[in-house]
Amino acid sequence: PALPSTPHSIEYSRAFEAITRLIEAGSADQSLRGFSTVPPTDWNSLLDCALSHPAAFASWRGRERHRTVLHVAAERRAPASLLAALLAAHPPHARATDHYGCTPLHAACASSGRGPHCPSAVRLLLDAA
């Protein structure tokens, strides 16, 4: 039988590390592409990891600003369908705040200065908050 995905299991630790690697890979890539969105294959991998390991996804917080995966996805202008799936996987992330008190909605609105942001993504986060 598979080990339960708890904060003390090896499976949880690997999932947590995988989420971190996927997000950090996107961060490094962002500087090369002028803040364009992370390629869909990366988003799909992140979503797969989040859905496969809900405990790791729910507890993951960025090291620097204490952001959730939803904060990162909103800031990087992820597709609205991905944001909806992340919200469905863990609804409390809609109101989660980072180190500065910002929610994923704040992150989505702040990223709009980098180009057009999907209005449906902002509406989705607004309705969820």
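Residues are numbered from 1 along each chain as its sequence is written, and side-chain values use heavy atoms, with hydrogens and water left out. Because the model is predicted, local features need pLDDT of at least 70 and side-chain atom pairs count only at pLDDT 80 or more, whereas totals for chains, interfaces and linings use all residues.

The largest pocket has a volume of about 310 Å³. A pocket is defined on a 1 Å grid over the protein atoms alone, as an open set of points where a 1.4 Å probe fits, with protein on both sides within 12 Å along at least five of seven lines; lining residues have an atom within 4 Å of a point. Grid points are joined across faces, edges and corners, and the volume is the space filled by probe spheres set on the points. The lining comprises 14 residues, and Glu24, Gly62, Arg63, Glu64 and Arg67 lie nearest the pocket centre. Helix 1 (residues 10-32) supplies the largest share of this lining, five residues; helices are DSSP runs (H or I, at least four residues), numbered from the N terminus. By class, the lining divides into seven charged, four nonpolar and three polar residues. In this scheme Asp, Glu, Lys and Arg count as charged, Ala, Val, Leu, Ile, Met, Phe, Trp, Tyr, Cys and Pro as nonpolar, and the others, Gly among them, as polar.

Glu11 is also placed in helix 1. With a relative accessibility of 25%, Glu11 counts as partly exposed, where buried means under 20% relative accessible area, exposed over 50%, and partly exposed in between (1.4 Å probe, protein chains only). A distance of 9.1 Å separates the C-alpha atoms of Glu11 and Ala56, which are 45 residues apart along the chain. Leu86, located in helix 5 (residues 80-89), is buried at a relative accessible area of 1%. When residues up to four places away in sequence are not counted, Leu86 touches Leu47, Ala50, Phe57, Val69, Leu70 and Ala73, a contact being heavy atoms within 4.5 Å. Leu47 and Leu86 are 39 residues apart along the chain, and their C-alpha atoms are separated by 7.1 Å.

Side chains of opposite charge can pair when their charged atoms come close. The structure holds four salt bridges, each defined as a side-chain nitrogen of Lys or Arg within 4 Å of a carboxyl oxygen of Asp or Glu. In one of them, the closest N and O atoms of Glu75 and Arg65 are 3.5 Å apart. Glu75 lies in helix 4 (residues 69-75) and Arg65 in the loop between helix 3 (54-59) and helix 4, so the pair ties together parts that are 10 residues apart in sequence. Glu75 is buried, at 16% relative accessible area, while Arg65 is partly exposed, at 28%. Glu75 also forms a salt bridge with Arg67, with the closest N and O atoms 2.4 Å apart; Arg67 counts as buried, at 15% relative accessibility.

Arg123 and Asp127 form a further salt bridge, with an N to O distance of 3.3 Å. These two residues are separated by about one helical turn because they are four residues apart in helix 7 (residues 119-128). Arg123 is partly exposed, with a relative accessible area of 46%, and Asp127 is exposed, with 56%. Salt bridges that share partners join Arg65, Arg67, Glu75 and Asp98 into one network.
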